[in-house]
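I set out to record, entry by entry, what I looked up in this structure. The sequence and the model come first, and my notes follow.

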Amino acid sequence: MRGSWLGILVAALSPAVGLAGQAPDDPRIRALGFGDFNYLVTDLDGKEGFRIGQMVGHVIADIDERFTFFGEVSLTAKDDKYSIEVERASVRYDFADEFKISAGRFHTPVGYWNTAFHHGSWLQTSVARPEMIKFGSRFIPTHFVGLLAEGGFPTSPLGLGYSVGIGNGRAANIARAGDAGDVNDRPAWVARVRLRPISIVGLEVGATFYSDRLLAPDLSKANERIYALHVALDRDAPEILAEYAHVTHDPVTGSGDLPGSDGYYIQFGYRLPAAYRSVKPYVRVEQVVVQSGDDVFFPLALNYDGVVVGVRYDPGVFLALRVEYRYEQFEGMAKTNSLYAQASFVLTGS
Amino acid sequence: MVPTVDAQTMEAVAIVVHPEVAIDDDNLTLDQLRSIFLAERQHWGDRSRITLLVRAAMAPERDLILTEIYGMSEDRYRQYWIGKMFRSEVASGPKIVFSTDMLRDLVTVIPGSIGFVPVSEVGPDLKVIRIDGMLPGDEGYPLN
């Protein structure tokens, strides 16, 4: 065995290599950091100027060979302060590829973007998320507190995988997860299935069903159901991301099925070839349509139309610069034009 | 842009595993191998964890793996693993190995490990895995 002890010594001392197949004596902690800095010119009153985006710290710690802790904390600039939020905190036990179970606070496994990019702005192509899953989204519950079982069947030809969760659902403020308990008398649950064929790296097709009971703005109780579909070809050339969600709210005591509300986006990006491969133009079309019979969403004025056109430029591996033009119409407002410039980055370490 | 590999100068790459890793007929299909390297599959059949050993950037065999297994550029490959960690799909990325000697040593001592080395560097202490029934040098072997 040539150079064996030297190799093992180097491995033991190197942050890049650990004896990961063995239980560590102490939890090994790995960290990721995400952040962004923005400049905005817009028709919207009081929004222009420089702004610090979210600063996000993400840690992963091996508690033992099968238990892993995942945590994420964000700092978000507000008008008069920074808000600190525990975005995720969960402990997972890995039985096998087919079955892993976690307890804690997660990104709700609805659709694609919410779990794929979320607070990791450097990971996504565009400056910000689509409206239907934006920061503080009320259309889709972006966070989930409870238990989550997930797994995949990597030997299946289509790469079948699933996530099934039961938890508190939305809080009284429906933009938030029920961190301190369930505000109603029925838990929320979510089930997502996806196909990720190994022969087409980056392709994922999935469907989600989410069910909860929540409080409408008039304090009546309503049953919420979300039916979502997504198709994602998450690669550089081309990138195609598309999601659709149909949300219904039925009064617990009342007239039965009512018309649902809809949200969707389609995003296309293409990294240029050869000498221009640092450049990735993209375009996104999106809409949120709330029906007047939706007693939960209609008072919140969530209707939205938007077109986003931008260019991402990667001067280095861990830095992305973006310029993005948006043509949007928020409910009750005139059409607006906005121009964003953003630098976003990721930090890695262990 | 996916890295290009000079077929005239690049020698075949062998997939090697820890001696106690049990794989039927010591054979994986290319899709099975891809699912391991993409961390879609993270456990062997006995539920032991797979530890992926990958040569550091600039190694020619790494370029071959990025081309033939991942189909990704170096930048995209790094983004892929950061994304996997961010999504909590993996607890860590591949273990980076800085030399063939080091990889050869580690794959024999880390339980459940898998890596790749140029075929001329394979020693008698390494367990080489067939891909689709083929060994390095066989006609049709995907990592020639």
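Which residues have the most contacts inside the largest nonpolar core? I worked from a predicted model. I found that the largest nonpolar core has 47 residues, and that Met132(A), Ile140(A) and Ile226(A) have the most contacts inside it. I then looked up which element gives the most to this core, and it was strand 10 of chain A (residues 221–233), with four residues.

Entry on Ile226(A). I left aside its neighbours within four places in sequence and listed its contacts: Val110(A), Ile140(A), Thr208(A), Tyr210(A), Ala245(A) and Val247(A). Apart from this core I noted another, of 35 residues, which includes Leu28(B), Val54(B), Ile65(B) and Ile131(B).

Entry on chain A as a whole. I recorded two helices and 16 strands. The radius of gyration of chain A is 22 Å, close to the 20 Å from the globule rule for 350 residues, so I noted chain A as being as compact as a globular protein of that length. Buried residues account for 38% of the 350 residues in chain A. Of the contacts in chain A between residues at least 6 apart in sequence, 52% join residues at least 24 apart.

Conventions
Residues numbered from 1 in each chain as written. Chains lettered and ligands numbered in written order. Predicted model: local features only at pLDDT ≥ 70, side-chain atom pairs only at ≥ 80, totals over all residues. Core = buried A, V, L, I, M, F, W, Y, C linked by C-beta atoms within 7 Å. Buried ≥ 20, exposed ≤ 12 C-beta atoms within 10 Å, placed from the backbone. Contact = placed C-beta atoms within 7 Å. Rg over C-alpha atoms; globule rule 2.2 N^0.38 Å.
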